[in-house]
Every structure is written in structure tokens, then in C-alpha cells.
Amino acid sequence: MSHSAMLRKRRNREPRFVQRSPLRTVIMGTIGSLLLMFGSFGIGWLAPISSLRLHPWIISLRYTDGAVVMCIIVTSIGAMALTREWMRLSQKVDWASKSAKKWVTAAIISWSVPLMAAIPLFSRDVYSYFAQGRVYQSGLNPYESGVSSVNNFLQNGADQLWSQSPPPYGPVFLWIEGVVVGIAGDSPDVGFYLFRFVALLGVGLIAYFLPKLARLHGVNPTRACWLCLANPMFLVHFVVSAHNDALMIGLMMAAVYVAARWRTTAGGLGGITLTTLAVAVKPIALLILPFVGLLWAGRGASWPRRFLFWFLTAGVALLELWLMGLANGFGFDWVGALTTTGGVWIWYAPVGLAGFLMRLWGDSLGLPGGDLQSLVQKVGQMAGVLGAAVLAFLGRDEKLIRRLTIALTLVVILNPMIQAWYVVWLIPFFAATGIRSDWHVDFFLLTTLFFMMWAVSDQLDVFPYLSLDINMGRLVAAVVALLYGLYIMFIDPSTRRVFRRSRRIGTIV
């Protein structure tokens, strides 16, 4: 048998992933999104003084056991259905065809719109933003005065963990918080919708610059948009939860594209300014500054030139941050707030789990287990930062943005606390620089599936005086999500093929 005949025979045996029209997938994903929206009315986060709590429709969903259980199940099914249809979309489109962009765009829009109307799910950080904005509006320094400095902060929905903690955000986001409170007044409901609008500005920046960055890397932009913008993790944390991380990542994507597209003085300064704005939202964005400096230095830059441009990059960024601090009167007080989230850990973070096990071991031997746990956590964090620094020094120029992506990944995975939205930071950069259609994309799909199952059972707003307590509610959500996730992986005749592909394509597409 000839080689070409063998290839044709093998091709005929391989499962086809481009099948019928994606319309059904888009519609079913939209139904999942609508279920999430509906469920949020019963278990989404509302401030105690929210006027929505007085609406008969909301009352009927939030204050009876049966209705709350229904909302938990509906939310879990909606989240997992959205995850399934996201996977199915990749099976039903041919990335090389012109119609792929149409279907991916339709999915992104139709899956996002219902979520824009939802009550915040899976996180109530948006109410902490509102409380910090009230501190800012009252004339106090939020970096010195916690949200408990203003009246009724708990009634406005903020988590009491923030009562004495300074916000780990930069001057630009503090200003945004103040503007939102100035518009919303005493209404946390108006506030969370305004903060969602701010998050959507970040989503818009990502949507604009992601395809451009993908093209710079020779990556299919439509597939990149499917990996990121249609991703249920992205939609849940950057749209429903309205995390300010969306704005930070949007500015970071813009900064990297501008610096990479125009490797001139104008492009370098533009990239630095956009990065500085991202830092002024969340200071973790500082990690990309050395890479932006390398882009400004140009291809094949000598070591003296690299150090010169690193010095210039740092100088410009510090000047811009100083001007921002001068404008709001708080200077560099935000630097001292960077340890606000320190000391916490979670079981699925490798460093967090290692630290916990070290504490158990130390305590069993009569050693200071808490100190050993803290040591492990600090070593992990230092290793992440050191790894990021090494990547700034070593590697090929054409892989510079990929190196940036891996550097950010090291800082995330070597942190003892990995929030689900920290993982979402990485998705746009990996999508833009390429995820291979082999075990790489399988790992990506499994990661998305895991964090979606975790999200639906992590945080629920259950009325404390019901016979159904919060722990039982989380258990119901976890069971539904886990069963649906196992169905997707092992039973569903369509999606289980995603994890059993006979053909592995080694190229990045």
C-alpha cells in the first residue's frame, strides 16, 4: 500500500471533530448562561441593604429552602452546560474556515449578554471595591483606614476580612472606586453594575488586542478568541464576578501589543504607560515591565543596551506612578498594602499544600509548624519571582512574550493562594502565544473544567436562617458539578472524544 493510501485510510479512521452547524451549540451555551443568570437571583451575592432583597421575585427565590436548592442546582447545571458547549464549539468549527470567526463571535456575545444582568456570583470582591470607594469618598486614606472606618460597611456587602485591611490596588483603581461610589451613592446594587461595566472595559481591551497579538505570533486569532473570550472561566470571573483583574489584564495586553508591534521609542513609551496604568489597577502587573523594556530595546540588543533600557523603563514607570500618587495625595502608600493577601493558602496550590503538610509534620514533632509553613510559602513565592527574573534574562527574542507568559505562570502557581481568577490572568497570554493541539490543550480543558466545578461550590450567598446551611448548599453544588463534569469526561459521546483524540497535532495553532 502506498504512503498516500495509508494516510487516507488513517484519516478515514480518525474521528471527525468538525460536524454539524454550531448553531445548536451556541443556543445550548446561551441557555447555560441564562441558567447562571437565573440562579444568581437566588444565590448570588447581595448586600444586606440591597433594595433587590425587597423585590417579590427575589424574596421568592432566596428565603425558602426549596427555592434556594433549585437555584443552586440551576446555577451548577448552567455553569457546567456552558463549559460543555464551549468544548463542543471546538469540535464543530474548522479554524481555517471563514465561518469560524462568525460562530465564535456569536458564542462570545450570546453567552456574555445574559451574564451582564446577573447578580455577582462566586465572589463578593465587588462589594469590597464599593466599600473602599466609600472610604476614598469620605476623604480618608484607604491605605491607612480599612473599610470599617465608614458606617455600615457590613450592610453594604463587604467581607469582614477587609474591615482593617488596606486595598491591594493602585491609585487608578482607587480613583475608579471613588467615581463609582460618587455615581451610585448609597446603592451597592448600582455600584456592582458599574463595577461590572469597568470590568467589561477590560474585557473589551482583551477582545481587541488578543487577535492582534495572536497574529504577531502566527496563531489563529479565531481559535485564540475561543480559548479565551468564550472560555467559561473567563466569562464567570471577568463578567459575572466583575473582578478588577479584567481591567488589569486588558491594559497588560494592550501594553504588550503596543511595545511588540512598534519596537520604537514611541512604542516603548506607550507600552510602559499602559503597563503603569495596569500597575495602578493591581500592582502585580509590575511583572511584565522588564519584558516591555526588552521589547523597547529592540531585537538582538546587547547586554549594555538591555540594562540601559531596563533603567529607562523603570525610571519612566516610577515617574508616572509618582505623578499618580501626587494627584490623589496618597503617594506610594499602595506599596505597603501589597502584603494584604499574604499568609493565606489553598489546598490545590502546590506550595499551599506543601506548606500545610510541613506544618502538620512540624507540629507532630513538637517543632514550630506555623513557622515552617510560613517558610515554605515564602520560599515558593521567592522561587516564582526568581524564575520570572531568570526568564527576563534568558531566552530568544522571538519568544519574548511567551517568556513573559511563563514568568507570570510561575508567579501564580508558586503562590500558596491561587484564586481561580489568577488562573484567568494566564489565559489571554497563552491563547495569544499559542496552545498546541495535543496534551497542552487537553490540560487546558481539564484545568477549565476543574476550576468551573470549584467555582460553583466555592461561594454561595445562602440566607443564614434557613434550615439549609451554607455548607449543605456547597455540598449540593459540588455534587451536581462533579457529576456533570464526570459526564462530560467519560460518558458524553461527544465531549469524551475531546480527551481521547487519536491524532495529535504538534504545531501551535
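**Helix packing, loops and cysteines in a predicted model**

In helix α11, M248, L251, M252, A254, A255, V258 and A259 meet G267, G270, G271, L274, T275, L277 and A278 of helix α12, where contact means heavy atoms within 4.5 Å. The residues of this contact divide into ten nonpolar, four polar and no charged; Ala, Val, Leu, Ile, Met, Phe, Trp, Tyr, Cys and Pro count as nonpolar, Asp, Glu, Lys and Arg as charged, and the others, Gly among them, as polar. The model is predicted, so local features need pLDDT of at least 70 and side-chain atom pairs count only at pLDDT 80 or more, whereas totals for chains, interfaces and linings use all residues. Residues are numbered from 1 along each chain as its sequence is written, and side-chain values use heavy atoms, with hydrogens and water left out.

Helix α11 covers residues 245-261 and helix α12 residues 265-279. Helices here are DSSP runs of H or I with at least four residues, strands are runs of E with at least two, and both are numbered from the N terminus. The axes of α11 and α12 come within 8 Å and cross at roughly 170°. Each axis is a line fitted to C-alpha atoms, for helices over the stretch in contact, and the angle, from 0 to 180 degrees, is taken between N-to-C directions. The two helices α11 and α12 are therefore roughly antiparallel to each other, a label for angles over 145 degrees; under 35 counts as roughly parallel, 65 to 115 as roughly perpendicular, and the rest as oblique.

A second pair is formed by helix α9 (residues 221-228) and helix α18 (residues 420-433), which pack at about 165° with their axes 8 Å apart. It follows that α9 and α18 are therefore also roughly antiparallel to each other. The crossing of α9 past α18 is right-handed; a crossing is right-handed if the near helix is turned clockwise from the far one by less than a right angle, and left-handed if anticlockwise. On the α9 side the contact involves A224, L227 and C228, and on the α18 side I427, P428 and A431. The residues of that contact divide into six nonpolar, no polar and no charged.

The loop between α9 and α10 holds N231. N231 is buried, at a relative accessible area of 0%; buried means under 20%, exposed over 50%, and partly exposed in between, with a 1.4 Å probe and protein chains only. Apart from residues up to four places away in sequence, N231 touches W86, W226, I427, F444 and T448. I427 is also one of the α18 residues that meet α9.

Helix α10 (residues 232-240) packs against helix α5 (residues 99-116) at an angle of about 35°, with the axes 10 Å apart. This crossing of α5 and α10 is also right-handed. W111, S112, L115 and M116 of α5 meet L235, V239 and V240 of α10. Here the division is six nonpolar, one polar and no charged.

Most residues other than glycine have a negative phi. F122, in the loop between α5 and α6 (125-137), has a positive phi near 70°. A242, in the loop between α10 and α11, has a positive phi near 60°. Both count as buried: F122 has a relative accessible area of 2%, and A242 is at 3%.

Next come the cysteines. A disulfide is a covalent bond between the sulfur atoms of two cysteines. The structure holds zero disulfides, with the cut-off set at a pair of cysteine sulfur atoms within 2.5 Å. For C228, the nearest cysteine sulfur is that of C225, 7.6 Å away. C228 counts as buried at 0% relative accessibility, and C71 is likewise buried at 0%.

Two further loop residues complete the tour. Y348 lies between α14 (303-328) and α15 (350-364) and counts as buried at 15% relative accessibility. Beyond its neighbours within four places in sequence, Y348 is in contact with I418, Q419, A420, F450, F451 and W454. R496 sits in the loop between α20 (470-491) and β2 (505-508) and counts as partly exposed at 35%. With neighbours within four places in sequence left aside, R496 is in contact with I488, M489, F490 and I491. R496 and L486 are ten residues apart in sequence and 9.5 Å apart in space, C-alpha to C-alpha.
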